[in-house]
Amino acid sequence: MSPQPSAVVPSRLLGAGEPHPLEVFNPQGTSDFFLICEHAGRLLPASLGTLGLDEVDRSRHIAWDIGARDIAMELATLLDAPLYMQRYSRLVCDCNRQPDVASFIPEISETTVVPGNTNLSSEEIEARITEVFHPFHDAVTEALDARDTAGRRTILATVHSFTPVFKGVARPWQIGVLFNRDTVLAPRVVHYLQANTDYAVGVNEPYAVGDDTDYAIPVHGEKRGYPCVEFEIRNDLTTGRKAVEDWARLLAASLRQAAEVVA
């Protein structure tokens, strides 16, 4: 007897011809560094329309990490590192969250209600997981598996940006260095930035890495035993070619210096 079709068929999220969630830059990079930028893009699938938001809101930090993609690409060039980026807005789903947490598909981001994310069915949620989250992270996993199989050393870094003001509270840091279990690479990055810049360097500020609030560092980095670090750059300092180049040079220098003491 032929198997019966499932009674529930997840709705299709991405239409024919819409981009794959993954964008890869410099896939053949030869260095020990491997870069991820989960909030690189702000695309919305046509099936979701505007999520009920105007263009101003769809361009804000609630939708993506402003400047992160450009800085990550410049950093990948300087380090000769592969860079895996995610094209769709974090309002579709946040690829730096576990799918079972509330912030994975935010109904409210900062103080902005996202009408297109309210009252979603289990099928609508599953479509976002199946068509955006898993394809992106499965590709990262495959790339890291290949490096491990080849016996290549891997140092993982992720690139993000943050707002200068959050819910009315000013943030004094120009850059944040985020980490959890890494006790060698990330602290050395902090030391380099503090010693070689006048920036207020946030140590696990304005966020901290945790198993319940992050995905890339805990899953792709810590579970594999890689040295790993997450960068957060204040997004009023990320625009313009000079800013991009300056940040990339600084991050590259900090990573190279820190990597010298990593086994």
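A quick word on the model, everyone. It is predicted, with local features needing pLDDT of at least 70 and side-chain atom pairs counting only at pLDDT 80 or more, while totals for chains, interfaces and linings use all residues. Residues are numbered from 1 along each chain as its sequence is written, and side-chain values use heavy atoms, with hydrogens and water left out.

Of its 31 lining residues, Arg-90, Asp-94, Arg-97, Ser-103 and Tyr-207 are the closest to the centre. A pocket here is an open set of points on a 1 Å grid over the protein atoms alone, where a 1.4 Å probe fits, with protein on both sides within 12 Å along at least five of seven lines; lining residues have an atom within 4 Å of a point. Two or more lining residues come from each of β4 (108-109), β6 (155-162) and β11 (228-234). Strands are DSSP runs of E, at least two residues, and helices runs of H or I, at least four. By class, the lining has 12 charged, 11 nonpolar and 8 polar residues, with Asp, Glu, Lys and Arg counted as charged and Gly as polar.

Now the helices. α6 (residues 241-259) packs with α4 (residues 185-196) at about 130°, axes 8 Å apart. The axes of α6 and α2 (residues 68-79) come within 8 Å and cross at roughly 50°. That makes α2 oblique to α6, and α4 and α6 are oblique too; the word covers what is left after under 35 degrees (roughly parallel), over 145 (roughly antiparallel) and 65 to 115 (roughly perpendicular). The crossing is right-handed for α4 and α6, and also for α2 and α6.

α3 (residues 122-149) bends by about 40° at His-134, and Pro-135 follows within four residues. The bend is the angle between axes fitted to the seven residues ending there and the seven starting there. In the loop between β5 (112-113) and α3 you'll find Asn-119, a non-glycine residue with a positive phi, near 55°. Just after α3, Gly-151 has a positive phi of about 75°.

One last stop: the Glu-205 to Pro-206 peptide bond is cis, omega near 5°, and Pro-206 lies in the loop between β10 (201-203) and α5 (216-221).

Notes. Axes fitted to C-alpha atoms, helices over the stretch in contact; angles between N-to-C directions. Left-handed = near helix turned anticlockwise from the far one by under 90°.
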